[in-house]
Every structure is written in C-alpha cells, then in structure tokens.
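Subject: Structure for your files

Hello,

Here is the structure, with sequence and coordinates together. My notes follow below it.

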Amino acid sequence: SLIFVKALSMVYTAIIARALGPAGLGTLNLAMLMVPWFVALSSFSLQTVATQLMPSLRAKNISVLPYQRGLFLLTFVLGIVAVLVHIFISPFVATTFFHDNNLSKYIALASVVVLLSVLYNTLLGVERGLKHYKLYAFFEFLKQFFLLCVGVFFVLYLGYSVKGALLALILSPALLLGFYFFYHRELFFGKKVEYHGMLKTGFILGIVGFVLAFFMSLDELIVGFLQSKTQVGLYAASISVMNIGFYFVSGIKNTLFPFLTEKYVQVGDIHNKEFVRYFSKINIVTLIAIGYFLIGAMIFRSELILIIFGPEYLSAIKLLSIVLFALPFLSLYILLHTFALSTNRIREVLTSSIIAVILSVGILYFFTKGYGVVGAAYGLVVSSCILFLSYFFFILRGIRFQLSSLFILILVIFLFGLGGWYFSGNLMRNIMLFVAATLLYPCFLYIFKFLEKEDLQFIWSKIREYGHLVRR
C-alpha cells in the first residue's frame, strides 16, 4: 500500500515539476523549507508519544479516548502558535536567506501546512500505536489521492502555479482530517481529557525532531542561500527520486517502532543478545533491499529523470547519480533512530544529532560554495555518513554490534552502484545490465554471508508465489 502511495506521490511530483519548471519547483521547495522545522518543534513529537502511549494504555486496559483528546488538543494549540510565528518571520527569511521578497507570500501561505501537518502526524501516531496499519496505509493513500486531484485542479486547470501547489498541500490533509474527526465525533463531546506529562515526555523529542528536520533540509537551505531557485529545483528533483527508497525505509520504521518498543519492554535489557540480533537482522535486510533500489535507480537514472520531470531537468541526472550514495547511510540512521526511541536513549539521540548538524553545516557550505549544486550533492553523502557514524557511536556504545559487517555490505552496494553508473547506456543496454546486476547482487551477498541458503530459498518461494498471483 505504501509503495502504491509513493507511486501516486511521484505522479503528482511529475505533474507539478513539469508544470512549474525548475525555477517554480525551486520556489515551492523554498516556501516549504521551514515547514518540517516548525512541525517538529511545535508538535513536541506528540505523534511519537502517541505511538508509545497507546500500546501501554491498552496493555493496562485503560481507555485511550481521553488521551487521544489530550493529544489533539495540545497539538492544535501548539500548531496555532507555530503558524503565527511562521507567518511573522516569513518576510525576514525571504529577503535575508533567499534574497527574494516575492517569496514571502508563499512562505506565509505555507504556514497553514504546519498546523495541518502537526494534527495529521498525531493522527498517524495514534493509529500506529493502536497497530491499525491497514488504516494508516489507507490514510496515506487518501491524503496522496486528494493531493493529486486538488493539485491537478489548481495547477493545471486554474493555472495557479506555485500558489496552487501550496493550496493542494493545505487542502489534502484538511479534507482527510475533516473526515477523520467527523467519524470520531466522540473526541469533541467527551468531558474527560488527559494530557498531563505529555509535553514533558515530548519536550526533548521535540528538540531532537527539530534538529533532525533541520539536518534533512540543510542542503536545500544552503543551495537556496548560495544558488538560484532553478538550481534548487534541479537539486530537489534528484532528491525526490532518492526519496522513493527513503520512503520505503520510513515505512519499515513506522511498522517497526511499536514492535521494537514492545520487544524491549519484554526483554528489559538493551544488551539482550536476542534483542540485538533481532535489530541487526533488520538492518541487514533493509540495506539489502535498499541496495536493489540504488542499483536500479543508478542504471535507469536518465530514464527516471526524463520520464518523471522532463527534458528541462536533464542537469539533475548527474546530481541523482551522486545523492543515491547517501541513501544507505540515511537508511541506517532511520533504523538507529527508531532503535534509540524504542529503548528511551533520547539524550544520546540529541547529542549525536547536534554533533552531526554542526559538522554538516560547515561541510555543505564549503562544498556548495566551492562546487555549486554538484558540491551540495557530494556534501549530502558526506554529511549522511557523519550522521550515521554519530548515531552508531552514541546509540550503540557498549552494545555488541558489528559495524564492520554493515560497512562491507555498504561497500558491496557501492560497488554495484558504481558499476551501474559506469556501464549504463541506452535503454536496451540498461535493461540487460539491470538483469545481470539482479542476478549477481545476491551471489555477492551469499559469498559475504549476508544471505544464507534458507534466505535464498525463502526469496525464491516468494517470487514464485507472486508469479502465481500475477498469472491469476
């Protein structure tokens, strides 16, 4: 379901990117740049608190409804404050950082997205905590479907360009939240509201969320500060393709978090061999899957950019071939972040993320200042590696976890990625190269003992099972 959602997302991205062009897409990205920062800071990570809280309440046979009311009430109040601050600083940000006063009206309009995103994320946190994964996936589908329909109407039919794209980002979660709260009308009519301790629990998480949101958009901030909006649009196009793989890892994280929390509560010890082995296996399996995506995206990078974004974005092909190498590090960071939250190692997360951000600011500024948007792409790979290593050192310190095996697997993935970059050519050659890489990749994994005979048999059985379903 989530893969299908991402497919819808890419359709929407392709339509908007082609309609706006690189400069328009750059303007849209700069308008939305601060939204994740304000969402993280204003929400106090209440969505994470909700995901942790719901299973524990159910385990104790306590009604979750008063706590849901408290979560949404706090979220709404904090979101309103964030919107007002975001609107207030929009002229300063537009002129000081992006050197374009005209951008302030778009940044101000994007402020509404902050409130809606905070409410929507809390909704998802509640549903994940209740383990309603099908409902969670359905919400994600509906949101993306609304975004596609509304975006096409405003941008293509009415010709509202950047303004229309922002209105679509506002209306899509607004419609979904309207349906959700209408169905759960009891949230508004109950008298009992529980919210004590939620802000205290989420305060450090909120700071962590802000720091990490700042890190994830730091590259675009520096490109926007030093380069033109067109360069921002080209860079955003390459990141959008990379984010397809990143979205897959985020789906694993959203499913993994409540299960890992429950597993940790059961064993009660972060050094438990079974618990560490369980998490290690998740890292290996996720990296193997990301390797397949990286290889395919590298081989077909030209086709992906041309099909999704069009010939105006040809310069993004080179950027994509670089930023793809950041994906394994970002994937491991996401899994380590989930591990840290599940085991309440919040202070370690804050320390590692702050160190990574401080180092990354200098690295990204130096690379972008000296080598332009291409340098920003290289800087992203380096800063992503720093983020992963920082997390590994602080989160897994004292835990027997084999870093060498992860780096060997990353080297295998990089080897195949470089091969895809060097040997790719026309479409027929790329297809043959992808088939060869698909066959050789598991062989290398087997040689280095990342896959065992039982794993290969399991994969083959699933391929046959899928083949039977397709034939039906």
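Axes here are lines fitted to C-alpha atoms, for helices over the stretch in contact, and angles run from 0 to 180 degrees between N-to-C directions. Helices (H or I, at least four residues) and strands (E, at least two) are DSSP runs, numbered from the N terminus. This is a predicted model, in which local features need pLDDT of at least 70 and side-chain atom pairs count only at pLDDT 80 or more, while totals for chains, interfaces and linings use all residues. Residues are numbered from 1 along each chain as its sequence is written, and side-chain values use heavy atoms, with hydrogens and water left out.

Overall

The protein has 18 helices and zero strands. Of its 472 residues, 55% count as buried (buried means under 20% relative accessible area, exposed over 50%, partly exposed in between, with a 1.4 Å probe and protein chains only). The accessible surface comes to about 21800 Å², and 69% of that belongs to carbon and sulfur atoms (Shrake-Rupley method, 1.4 Å probe; for residues, only the protein chains shown count as cover). Among contacts (heavy atoms within 4.5 Å) between residues at least 6 apart in sequence, 83% join residues at least 24 apart.

Helix pair

Helix α14 (residues 327-342) packs with helix α16 (residues 403-423) at an angle of about 145°, and their axes are 10 Å apart. On the α14 side, Pro328, Phe329 and Leu332 meet Leu406, Phe407, Ile410, Ile413 and Phe414 of α16.

Surface patch

Leu73, Phe76, Val77, Ile80, Val81, Leu84, Val85 and Val193 make a nonpolar surface patch of about 650 Å². Patches are made of residues with over 30% relative accessible area and no salt bridge; like charges are joined within 9 Å, nonpolar side chains (Val, Leu, Ile, Met, Phe, Trp, Tyr) within 5 Å. A salt bridge is a side-chain nitrogen of Lys or Arg within 4 Å of a carboxyl oxygen of Asp or Glu. Leu73 lies in helix α4 (residues 65-96) and counts as partly exposed because its relative accessibility is 44%.

Single residues

- His99 is not a glycine, yet has a positive phi of about 55°. His99 is in the loop between α4 and α5 (104-129) and is exposed, with a relative accessible area of 51%.
- Ser161, also not a glycine, has a positive phi of about 45°. Ser161 is in helix α7 (residues 161-183) and is partly exposed at 32% relative accessibility.
- Thr48, in helix α3 (residues 46-59), is buried at 13% relative accessibility.

Regards
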